[in-house]
Amino acid sequence: MKLATWNVNSVKVRLPQLLDWLAAARPDVVCLQELKAESPRFPRTELDAAGYGCAVNGQKTYNGVALLSRAPLAEVVADIPGFADEQKRVIAASVNGVRVLCVYCPNGQAVDSDKYQYKLRWFAALKDYVAAELARHPRLVVAGDFNVAPEDRDVHDPKAWEGQVHVSEPERAAWRALLALGLQDSFRLFEQPEKTYSWWDYRMLGFRRNAGLRIDHLLLSQDLARACTSSSVDKAPRKLERPSDHAPALVELDQSMLA
DNA sequence: ATGGCTACGATCCGTAGA
């Protein structure tokens with residue numbers, strides 16, 4: 001079972017690249033973020049033709065998340081239950097006995113901003129939600145754009161980023177609190193190339209200089225971590241004309257080890 | 001030099017992303 005997460009930065013603009021990438025990578029489940037489209041505008045027909053069913057939590061202009069799956073999506077839940085929020089950042093569903101939470105965590109803008117306070121409140125609500133989901137579903141994936149670079153090795157220039165949004169200590173503490181519930185950062189289960197990132201600034205030749213951050217993650221419950229055989233970032237879509245600023249991240253799970 | 005792109009929805013600039 002191959003699971004992926006990709007912040008596409010407009011599903012409308014990126015649809016041709018998304019379809020090409022699905023055909024090339026052939027993931028079983030995909031978490032999408034930053035659709036920037038309302039649910040009725042989501043390209044269900046094209047994705048259905050590509051062999052994917054969809055669960056969509058869309059929003060005009062900003063945010064918006066979706067789950068794609070080759071197998072049926074069951075028990076679809078949008079948003080964080082009990083957390084009042086206008087912003088469409090979460091959708092969850094079950095696929096073949098695996099619970100998948102697709103998340104688009106807030107950016108936070110700047111550490112002295114209201115949006116940063118919202119980011120920390122949002123992470124606290126996510127933690128409670130994940131704790132409840134983990135109690136119900138021992139096979140749990142939490143995947144998406146977390147907007148947190150967990151460690152300095154996930155940052156191209158830690159000195160330049162020190163104390164900034166995405167790497168500040170309260171954000172990293174929120175990240176660690178999530179993991180402390182019993183989740184593993186799948187990427188760190190394996191030897192990885194140094195300076196692997198998942199996002200590069202459109203400006204300043206960010207991608208060409210590999211001036212990036214690793215902020216897109218797939219977190220696995222213990223049961224799933226035991227069955228995980230690989231975790232990687234696919235930089236190929238970031239090299240295309242008119243790319244998303246994020247690259248897809250992926251994991252592979254060995255079905256036989258999930259028995 | 002705190003900018004530099006990109007997407008969006010509104011106009012011909014502002015907001016947001018990270």
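Predicted model: local features only at pLDDT ≥ 70, side-chain atom pairs only at ≥ 80, totals over all residues.
Residues are numbered from 1 along each chain as its sequence is written, while chains are lettered from A and ligands numbered from 1 in the order in which they are written.

**View 1. The hairpin of strand 6 and strand 7.** Strands here are DSSP runs of E with at least two residues, helices are runs of H or I with at least four residues, and both are numbered from the N terminus. Two residues lie between strand 6 and strand 7 in the hairpin. Asparagine 96, in the turn, has a positive phi of about 50°. Valine 95 has valine 98, in strand 7, as its bridge partner. Five of the six residues of strand 6 are buried, so this strand is largely enclosed by the rest of the structure. A residue is buried if 20 or more other C-beta atoms lie within 10 Å of its own, exposed if 12 or fewer, and partly exposed in between, with C-beta atoms placed from the backbone.

**View 2. Strand 5, strand 6 and the loop that joins them.** Three bridges link strand 5 and strand 6 in the antiparallel sense. The bridge partner of valine 77 in strand 6 is alanine 92. Proline 81 sits in the loop between strand 5 (74-78) and strand 6 (90-95). Proline 81 counts as partly exposed because it has 13 C-beta neighbours inside 10 Å.

**View 3. The open sheet 5-6-7-8-12-9.** Six strands form this open sheet, and their pairing is mixed; two strands pair if DSSP finds at least two bridges between them. Strand 5 and strand 9 (183-185) are the edge strands, each pairing on one side only. Neighbouring strands are turned by 20° against each other on average, direction ignored. Strand 7 runs parallel to strand 8 (residues 140-145), to which six bridges join it. Arginine 99 has leucine 140 in strand 8 as its bridge partner. Helix 3 (residues 114-136) lies across strand 7, strand 8 and strand 12 (216-221), at about 170° to strand 7. Axes are lines fitted to C-alpha atoms, for helices over the stretch in contact, and angles run from 0 to 180 degrees between N-to-C directions.

**View 4. The open sheet 3-4-2-1-14-13.** This sheet also has six strands, with mixed pairing. Strand 3 (53-57) and strand 13 (228-233) form the edges, and each pairs on one side only. The twist averages 10° from one strand to the next. Strand 2 (residues 29-33) and strand 4 (residues 65-69) run antiparallel, joined by five bridges, and valine 30 has leucine 68 as its bridge partner. Strand 14 (residues 249-253) has four of its five residues buried. Strand 14 is antiparallel to strand 1 (residues 2-7), with four bridges, and antiparallel to strand 13, with five bridges. In strand 14, leucine 250 is the bridge partner of alanine 4, and leucine 253 stands opposite cysteine 228.

**View 5. The largest nonpolar core.** The core has 70 residues. A nonpolar core is a set of buried Ala, Val, Leu, Ile, Met, Phe, Trp, Tyr and Cys residues joined through C-beta atoms within 7 Å. The residues with the most contacts inside this core are Leu32, Ala66, Leu67, Val100, Cys102 and Val141. Strand 7 (residues 98-104) gives the most to the core, with six residues. Leaving aside neighbours within four places in sequence, the contacts of leucine 67 include Val29, Cys54, Leu73, Ile91 and Val100; two residues are in contact if their C-beta atoms, placed from the backbone, lie within 7 Å.

**View 6. The surroundings of leucine 35.** Leucine 35 lies in the loop between strand 2 and helix 2 (44-49). Leucine 35 counts as buried because it has 29 C-beta neighbours inside 10 Å. Not counting residues up to four places away in sequence, leucine 35 touches Val11, Phe42, Gly58, Gly64, Val65 and Ala66.

**View 7. The residues around DNA strand B.** Of the 22 residues around DNA strand B, Ser10, Thr61, Asn107, Tyr202 and Arg203 come nearest. A residue is near a molecule or strand if its C-beta atom, placed from the backbone, lies within 6 Å of it.
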